[in-house]
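Let's take a walk through this protein together. Have the sequence and the 3D view ready, and follow along as we go.

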Amino acid sequence: MSSVSVAAVDLGATSGRVMVGRVGPDTLELSQAGRFPNGPLATPDGLHWNVQQLYAHVVEGLRSAAATETIASIGIDSWAVDYALLRGDRVLGEPFHYRDDRTAHGVELVHADEPFSLLYARNGLQFLPFNTLYQLAVEREVGMLDVANRMLLIPDLIAWYLTGATVAESTNASTTGLLDVTTKEWDGELIDRLRLPRSLFPRLVQPGQTIGTILPHVATGTGLAGTTPVVAVGSHDTASAVVATPMMEPGGAYISCGTWGLVGVETETPVLTTAAREANFTNEGGVDGRTRFLHNVMGLWLLNETVAAWSREDGAPVDLVSLLKAATDVTGEIAVFDANDPRFSPPGDMSPRIAAYCEEHGMQAPQTRAEIARSIVESLASAFADAVRTAASLSGQDVRRIHMVGGGSQGELLCQRTADLSGLPVVAGPVEATAIGNVLVQARALGAVGGTLESMRDLVARAFSPRTYTPRTAAPKG
Ligand code: LRH
């Protein structure tokens with residue numbers, strides 16, 4: 001087996017990137033071919049994603065990748081649940097952002113007919129008001145589904161732009177709420193009961209399968225060979241991140257920490273108990289048929305939105321490194337709020353919302369910027385530690401260490417406080433786990449690396465030495 005170079009398109013809610021991975025049996029290197037901002041775009045009808053602009057950045061990134069190497073394939077991953085509607089080959093408007101508040105009405109529409117307990121038994125998904133099935137209920141009500149005849153999730157939409165092929169990659173499809181958690185096929189009966197047209201949902205593909213080859217105008221625009229395939233990866237970003245989380249032995253939990261903190265364990269089969277449902281744990285589809293049994297915790301969103309608001313206020317970017325240094329030095333009582341409180345979901349400055357939360361709960365609100373940042377980090381670490389404990393008890397796994405991957409793994413204070421509050425070592429890194437998981441699945445499909453997830457994780461651990469944070473305090477009781 002010789003090494004190959006592949007391109008990973010990795011779209012996050014706050015930034016996107018095109019990365020080039022060079023992969024072989026003993027090689028795993030990553031370099032950046034393009035990075036660009038992403039975020040909600042408000043228009044009179046609500047919050048959207050500007051996918052046309054994202055696509056333009058993707059093409060530009062692929063062009064820089066092709067300028068330096070021979071790219072053997074392309075893989076795409078992004079945040080979950082959101083989609084574009086199409087009629088034939090026409091895209092019907094920019095996709096809505098999952099933080100758009102129309103989803104609340106979608107929840108009412110769906111739950112009026114299908115109680116959550118029944119949905120959970122079929123799809124195994126935690127309740128999140130923006131799960132695709134709720135969004136589609138609104139589309140149906142406003143008549144969009146009288147016009148649309150296709151739904152493409154975001155990575156599948158980008159794959160369609162590049163190849164013209166319409167598919168639904170299975171790990172991301174598992175976040176729609178419309179996939180049967182046991183058979184991992186579209187749940188036709190549920191789709192009928194929700195009065196959605198079955199024809200909306202494309203053929204499912206598994207990570208590793210080829211979606212198609214790039215269209216001639218894409219080859220011309222990027223300089224890539226006309227035969228370059230787009231290969232399905234774990235197109236849900238969290239699925240790709242879990243592939244590259246170096247859990248080589250049993251006992252590892254993970255926190256994939258970017259905009260969200262996705263906290264859980266990997267299981268062979270879904271956990272569909274009443275306790276799992278009541279704790280709002282999800283069973284999302286993983287690569288190679290594994291289950292990602294996890295809970296969504298608010299992540300760096302809280303800090304990023306707050307820092308963005310301060311930067312607007314100052315008319316200059318706030319220096320994150322100095323802010324976090326000052327946050328580390330804060331002493332005395334620090335307010336810990338419920339990071340998952342729905343008030344923290346919409347975009348904007350979180351400090352007044354934190355102050356209101358503290359006032360309602362009889363706590364002294366943090367005052368200075370350093371105190372606010374510390375309060376955010378402390379609240380995230382506390383929510384992460386709680387979610388790890390719950391994941392362990394619900395899955396019956398004996399969790400002995402936590403792997404923190406994604407942007408959050410760079411936060412020393414966050415990693416250390418998660419270790420302290422959980423009483424478990426936190427193994428931090430790699431930062432770019434999602435892009436690494438994306439390139440590894442492509443490389444395996446091309447025959448450049450072999451084997452199981454465990455052997456790919458071993459390669460990750462060798463290439464990106466993780467850093468371990470040891471808990472400084474005894475594990476809390478209970
Ligand atoms: C993280 C993520 C998460 C979903 C959310 C919409 O990027 O994919 O797993 O719940 O975005």
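Start where the two domains meet: 25 residues of domain 1 are in contact with 24 residues of domain 2. Keep in mind that you're looking at a predicted model. Which elements give two or more residues to domain 1's side of this meeting place? They are β2 (15-24), α3 (116-123) and α7 (170-173). Of the contributors, α3 gives the most, with three residues. If you sort domain 1's side by class, you'll find 13 nonpolar residues, 10 polar ones and two charged ones.

Now zoom out a bit to see what those domains are. Domain 1 covers 4-231, while domain 2 is written in two pieces, 245-429 + 448-478. Taken over C-alpha atoms, the centres of domain 1 and domain 2 sit 25 Å apart.

Next, find the ligand. Which domains supply the shell around the ligand? Both domain 1 and domain 2 do, and each gives at least three residues. There are 13 residues around the ligand, and the ones that come nearest are Trp79, Ala80, Asp237, Thr238 and Trp260. As for elements, α10 (237-243) and β15 (260-267) are the ones that give two or more residues to this shell.

How values were computed:
Residues are numbered from 1 along each chain as its sequence is written. This is a predicted model: local features need pLDDT of at least 70, side-chain atom pairs count only at pLDDT 80 or more; totals for chains, interfaces and linings use all residues. A residue is near a molecule or strand if its C-beta atom, placed from the backbone, lies within 6 Å of it. Helices (H or I, at least four residues) and strands (E, at least two) are DSSP runs, numbered from the N terminus. Domain bounds come from an automatic or database domain assignment. Two residues are in contact if their C-beta atoms, placed from the backbone, lie within 7 Å. Ala, Val, Leu, Ile, Met, Phe, Trp, Tyr, Cys and Pro count as nonpolar, Asp, Glu, Lys and Arg as charged, and the others, Gly among them, as polar.
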